Amino acid sequence: MTVHLTPTQVLAALGVLLTLVLVLVLSWRFSVRAARRAADTARTGTRLMSLTGRTALTAAGIVGVQWTVITHPGNTTLLLVVLGLPAVIASYTLTRALTVLTEETPRSRRDRR
């Protein structure tokens, strides 16, 4: 069995094959970029949730200690320390929560020096 193809048919087949390869390569590259963007977004969201969790846990601890000291009165100095120290910790945590939320962009290969 022999196949007789004209030069036009051979060129058309090569063109179709080349187009198919280019489409596959480009779709692969776009999917890699999309996956990288999704991973970066997930990392940023994770940092935000981690910071939110730590802030909530710290607040719960502060409220627990303050509740204990306020419900058992007797020592004014202890009461002032228990109310003042958490205010300092809360201001530090709040300042960090509002200033640390930056989006880190990955470095490209050209930035390695």
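## Basis of the model

The model is predicted: local features need pLDDT of at least 70, side-chain atom pairs count only at pLDDT 80 or more, and totals for chains, interfaces and linings use all residues. Residues are numbered from 1 along each chain as its sequence is written, and side-chain values use heavy atoms, with hydrogens and water left out.

## Overall structure

The protein has two helices and zero strands; helices (H or I, at least four residues) and strands (E, at least two) are DSSP runs numbered from the N terminus. Of its 113 residues, 8% count as buried, where buried means under 20% relative accessible area, exposed over 50%, and partly exposed in between (1.4 Å probe, protein chains only). The protein exposes about 10,000 Å², and 69% of this comes from carbon and sulfur atoms.

## Surface patches

A nonpolar surface patch with about 1,200 Å² of accessible area includes Met1, Leu14 and Val21. Patch residues have over 30% relative accessible area and no salt bridge; nonpolar side chains are joined within 5 Å and like charges within 9 Å. A salt bridge is a side-chain nitrogen of Lys or Arg within 4 Å of a carboxyl oxygen of Asp or Glu. Val21 lies in helix α1 and is partly exposed because its relative accessibility is 42%.

Arg29, Arg33, Arg36 and Arg37 form a patch of positive charge on the surface. Arg29 belongs to helix α1, residues 7-71.

## A buried glutamine

Gln66 is also in helix α1. Gln66 counts as buried because its relative accessible area is 18%. Its side chain reaches the backbone oxygen of Val82 at 3.3 Å.

Notes
Areas by Shrake-Rupley, 256 points an atom, 1.4 Å probe, with all protein chains shown as cover. Lys, Arg positive; Asp, Glu negative; His and termini not counted. Charge placed at Lys NZ, Arg CZ, Asp CG, Glu CD. Polar contact = N/O pair within 3.5 Å; in protein donor to acceptor, adjacent residues only side chain to side chain.
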